Amino acid sequence: MFGLQNPTKFLKFAKLTGPWFALASALLIGSGLWFGLFSSPADYQQGETVRIMYVHVPSAWMGMFAYSVMAVASAIALVWKHPVADHIAKGSAPLGAGFTLICLVTGAMWGKPMWGTWWVWDARLTSMLILFFLYLGYMALAGAFDNAERGAKAAAILAVVGWVNVPIIKFSVDWWNTLHQPASVTKAGMPSVDPSMLLPLLLMGVGFTTFYATLLLWRVRSEILQTRIRNIRLAQIHGEG
Amino acid sequence: MIQYWELLKRELRLALRQGSDSMMVVGFFVLAVILFPFGIGPEPGVLARVAPGLVWVNALLAAMLSLDRLYQGDYEDGSLELLILTPAPLEVLVAAKVTAHWLTTGLPLMAAAPLLAIFLNLSAYDLGVLLLTLAVGTPTLSLIGSVGAALVLGARRGGVLISLLVLPLFIPVLIFAVGAVDAAQHAFPWTGQLAILGAILLGAVPLGLYASAAALRQAAE
Amino acid sequence: MSQFAAETLTCVRGGRAVFARLSFALESGQALFLLGPNGSGKSSLLRLLAGLLRPCAGKLIWDGQPVQEDPEAHGARLHYVGHHDAVKPVLTVSETLHFWARLHGGDSENRVLQAMERFAITRLADVPGRLLSAGQKRRVNLARLIAAPAPLWLLDEPSVALDKASVKALEDAMAQHRAEGGMVIVSTHADIDLPDAAILRLDDFAAPSQEAA
């Protein structure tokens with residue numbers, strides 16, 4: 001795609017576009033926060049706590065989106081062996097795990113005033129918790145090998161297997177949840193979204209995406225450079241030998 | 001496929017002669033379940049209520065115990081390379097390995113379940129449903145577990161790592177298996193849950209075989 | 001009459017090009033010696049020829065057909081002897097040989113007996129692997145070569161742990177294999193006598209230090 005599987009071209013691309021993504025995310029998240037915190041109404045049921053949604057929901061989106069990026073990049077790396085795809089998958093994982101963690105923490109902060117408890121086994125939150133563990137497994141596996149190539153390949157296979165499983169996990173958790181849901185919690189899912197809430201939500205969503213892109217470009221760049229340094233070192237070792 | 005039967009025979013022979021693995025798995029399974037009455041009290045109603053979940057969670061953990069040896073021995077002594085070079089699809093050989101794993105862990109777990117049913121005050125009918133879920137569910141555990149076992153070959157701390165990789169993927173099996181027995185306990189229909197377990201197994205066969213074979217190939221590189 | 005050829009193989013391991021643009025061709029009855037210092041890629045080349053490793057560039061050709069199109073057929077026509085002997089502690093020598101022979105698609109009692117005789121392990125037939133010495137294990141591994149026929153032998157330092165008599169047995173086996181139209185590719189540090197073998201020096205194909213990412 002646009003020759004970006006070539007590390008050198010990717011570095012140029014990242015250098016060129018990185019600042020723009022950073023600027024866009026600052027503007028989008030800034031305005032999203034302003035609309036979300038000051039210029040939108042409080043929910044008639046939940047009051048001011050509804051504003052947690054502007055962070056909680058986009059981070060849930062990004063948690064899932066980053067996993068898909070990771071899985072697709074892994075599949076590309078497995079089939080076509082593009083080194084940049086490996087770096088993208090590896091770089092995406094901690095970002096996605098971070099977003100998922102933010103989603104879980106904000107979910108707990110939201111749950112305390114809403115349900116009176118930090119954690120309920122709500123279907124969405126439970127799925128996000130499992131997703132978080134899928135990320136942890138991926139990162140643990142990628143880092144468990146002395147040979148970085150091996151780790152990347154093993155983790156890529158795991159990402160694809162995990163991705164196939166995510167819908168099944170989601171389906172089973174939803175089914176399980178309807179089975180066990182106590183009556184008091186049923187209504188307290190997402191509040192019906194007022195149009196004035198939609199604007200900040202969308203701004204934050206797009207802002208989180210560009211923020212993710214900024215960080216991903218930056219991480220992939222440093223991965224490429226690290227690989228180069230390693231190769232130069234190797235060449236030196238073998239040159240002397 | 002002659003290779004399938006030959007490898008299966010060899011695996012069973014190895015398990016038989018090296019002994020104790022299956023016994024240890026069953027021992028762990030029974031012992032871990034027996035711990036719970038000490039933890040939550042021996043009230044028969046409570047035990048029967050949590051029995052399906054207890055048995056299944058411990059079956060998951062027990063099935064995982066023996067996973068890290070599934071390919072490790074062959075990886076270390078060079079057998080894995082020769083297996084890959086065998087003139088048969090690697091998926092077929094993985095299928096033999098998975099079958100052997102199920103015969104030496106899944107099946108013994110099922111054999112131990114009636115004993116646990118007595119300890120946990122489970123009725124004969126519920127035990128029947130529990131056995132059905134174990135019969136359909138534990139092969140999935142062996143298939144998914146095989147992927148995990150193949151992925152961690154050559155990794156540091158492989159044994160602990162497998163649980164982190166594999167346990168989240170076991171959750172759907174756990175949910176529907178326990179759901180079926182729960183439903184049976186409350187005299188609700190449970191065949192739907194069992195059918196979903198069967199569907200998961202059917203999906204896990206190609207996924208488990210292909211992914212394990214891919215993982216083994218990259219491990220041998 | 002078969003032909004096995006490698007065309008402009010390049011092998012990259014751990015971000016380093018081990019060798020580049022390596023080519024050779026081998027015909028029935030011929031043998032090839034792989035020579036080179038540590039790290040020059042002898043083992044990598046043998047694993048690559050077996051199909052365990054994928055070449056970064058170049059290809060393998062058997063009788064005009066690219067090997068990658070049918071890896072199983074390639075597996076059927078080769079024996080690979082690596083650094084490990086694939087001997088299980090609880091299986092006897094004869095069980096081990098029968099197992100690998102059947103897995104390779106051919107098992108006749110006759111050939112297994114012949115193989116054990118060739119490498120002087122007949123009296124060990126019922127001894128479990130855990131009681132074998134390193135040299136005996138290596139001989140069991142080598143006996144696989146005879147137990148199931150395959151035209152291409154890929155041997156990675158086969159003489160390690162072998163005594164003089166066993167090396168001689170291996171040399172005889174290779175000579176007979178070649179007389180029957182087989183091919184042998186061997187890497188070695190020690191002296192193995194292989195008459196009229198072609199020699200491939202891997203340092204000739206060492207890649208100049210270059211970026212391989």
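Two strands pair if DSSP finds at least two bridges between them. Strands (E, at least two residues) and helices (H or I, at least four) are DSSP runs, numbered from the N terminus. The model shown is predicted: local features need pLDDT of at least 70, side-chain atom pairs count only at pLDDT 80 or more, and totals for chains, interfaces and linings use all residues. Residues are numbered from 1 along each chain as its sequence is written, and chains are lettered from A and ligands numbered from 1 in the order in which they are written.

**Figure 1. The open sheet of chain C.** Four strands in the order E2-E1-E4-E5 (chain C) form an open sheet with antiparallel pairing. Strand E2 (16-27) and strand E5 (65-66) of chain C are its edge strands, each pairing on one side only. Two bridges join E5(C) to strand E4 (residues 57-62) of chain C in the antiparallel sense. Trp62(C) is placed opposite Gln65(C) of E5(C).

**Figure 2. A helix across the strands of chain C.** Helix H1 (residues 42-50) of chain C lies across strand E1 (3-13), E2 and E4 of chain C. H1(C) runs at about 125° to E1(C); axes are lines fitted to C-alpha atoms, for helices over the stretch in contact, and angles run from 0 to 180 degrees between N-to-C directions.

Figure 3. Strand E6 (residues 78-81) of chain C is covered on both faces. Leu78(C) and Tyr80(C) on one side, and His79(C) and Val81(C) on the other, are all buried (20 or more other C-beta atoms within 10 Å of a residue's own, with C-beta atoms placed from the backbone). E6(C) pairs with strand E7 (residues 152-156) of chain C in the parallel sense over four bridges. Opposite His79(C) stands Trp153(C) of E7(C).

**Figure 4. Two packed helices of chain B.** Helix H7 (residues 124-151) and helix H9 (residues 191-220) of chain B pack at an angle of about 20°, their axes 8 Å apart. H7(B) is therefore roughly parallel to H9(B) (angles under 35 degrees). Their contact has 18 nonpolar, seven polar and no charged residues; Ala, Val, Leu, Ile, Met, Phe, Trp, Tyr, Cys and Pro count as nonpolar, Asp, Glu, Lys and Arg as charged, and the others, Gly among them, as polar.

**Figure 5. Where chain A touches chain B.** Here 23 residues of chain A are in contact with 22 residues of chain B (C-beta atoms, placed from the backbone, within 7 Å). Helix H4 (123-142) and helix H5 (148-180) of chain A are the elements that give two or more residues to chain A's side. The largest share of that side, 14 residues, comes from H5(A).

Terms used. Angles under 35 degrees count as roughly parallel, over 145 as roughly antiparallel, 65 to 115 as roughly perpendicular and the rest as oblique. Two residues are in contact if their C-beta atoms, placed from the backbone, lie within 7 Å. A residue is buried if 20 or more other C-beta atoms lie within 10 Å of its own, exposed if 12 or fewer, and partly exposed in between; C-beta atoms are placed from the backbone.
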